[in-house]
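Could you walk me through this protein and its ligand?

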Amino acid sequence: MRLFDYLDSGNGYKCRLLLRQLGIPFARVDVDIMTNETHTPEFLARNPNGKIPVLELADGRCIPESNAILCYLAEGTAFLAGDRYERALTLSWLFFEQYSHEPNIATTRFIVKHLPADSPRRSELPRRRELGYAALDVMEKQLRAADFFVANRYSIADIALYAYTHVAGEGGFDLERYSAVRSWFTRIESQPGYTPITEA
Ligand SMILES: N[C@@H](CCC(=O)N[C@@H](CS)C(=O)NCC(=O)O)C(=O)O
């Protein structure tokens, strides 16, 4: 398998982390999102939406979208376990991540970390921060009641939400009041095969 990836991307990191925790060998292909390498005809043939991550299977078929890649890799493993209801809850957290969390927490980090200080996109920050804190409030409430997001077991719901939450500080989010979220970081970081986002 090959993972088309960008090291600082939390979406790419979700896939890297799960591949490593499942012990699946893969090759990382670095795609520079800052110089539009995601928009070459060659890349668009793999993902018409022009975004990493993309997982290329051994037979050449491709899967775009980080959370779809997590579902594909986790099928039949302890990372997507439980009955139909628990699997649906797992999906509900993956959709929450993509709709309420990532567009606010990840995008804020991207604007702060990767765009110039005079970027017009800075005007988006107040609203995205407000919505990002609302997503963190939801996570904190859930994690005050349970160690992990679904069925009290580490799963792809945790991986999807951990990816951008643990680096939210780089986008200026203050995690001080999120004590349950910070304890959950520690539990995730002690899982077998855990590797940090900075590891290529
Ligand atoms: N919903 C997608 C989002 C992917 C995404 O936003 N990828 C960014 C990097 S984190 C990207 O490739 N940006 C380059 C571009 O839009 O040209 C997923 O979860 O995989």
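At Q98, an N or O atom of the side chain is 2.7 Å from a nitrogen atom of the ligand. N11 contributes too, with a polar side-chain atom 3.4 Å from a ligand oxygen atom. The protein buries 81% of the 510 Å² that the ligand exposes when taken alone (accessible areas by the Shrake-Rupley method with a 1.4 Å probe).

As for the ground rules, the model is predicted, with local features needing pLDDT of at least 70 and side-chain atom pairs pLDDT 80 or more, while totals for chains, interfaces and linings use all residues. Residues are numbered from 1 along each chain as its sequence is written, and side-chain values use heavy atoms, leaving out hydrogens and water.

## The shell and its pocket

Around the ligand there are 13 residues, of which K51, I52, E65, S66 and Q98 come nearest (a residue is near if one of its heavy atoms lies within 4 Å). By type, the shell holds 4 nonpolar, 7 polar and 2 charged residues, with Gly counted as polar and Asp, Glu, Lys and Arg as charged.

The ligand takes up the space of the largest pocket. A pocket here is an open set of points on a 1 Å grid over the protein atoms alone, where a 1.4 Å probe fits, with protein on both sides within 12 Å along at least five of seven lines; a molecule sits in it if more than half of its atoms lie within 2 Å of its grid points.

## Overall fold

The protein chain has 7 helices and 4 strands (DSSP runs of H or I, at least four residues, and of E, at least two). Their order from the N terminus is β-α-β-α-β-β-α-α-α-α-α.

## Two backbone details

I52 and P53 are joined by a cis peptide bond, with omega about 0°. P53 belongs to the loop between α2 (41–46) and β3 (54–56). A151, though not a glycine, has a positive phi of about 55°.

Methods: A polar contact is a pair of N or O atoms within 3.5 Å; within protein, one must be able to donate a hydrogen and the other to accept it, and residues adjacent in sequence count only if both atoms are side-chain atoms. On a 1 Å grid over the protein atoms alone, a cavity is a set of points where a 1.4 Å probe fits but cannot get out, and a pocket is an open set with protein on both sides within 12 Å along at least five of seven lines; lining residues have an atom within 4 Å of a point.
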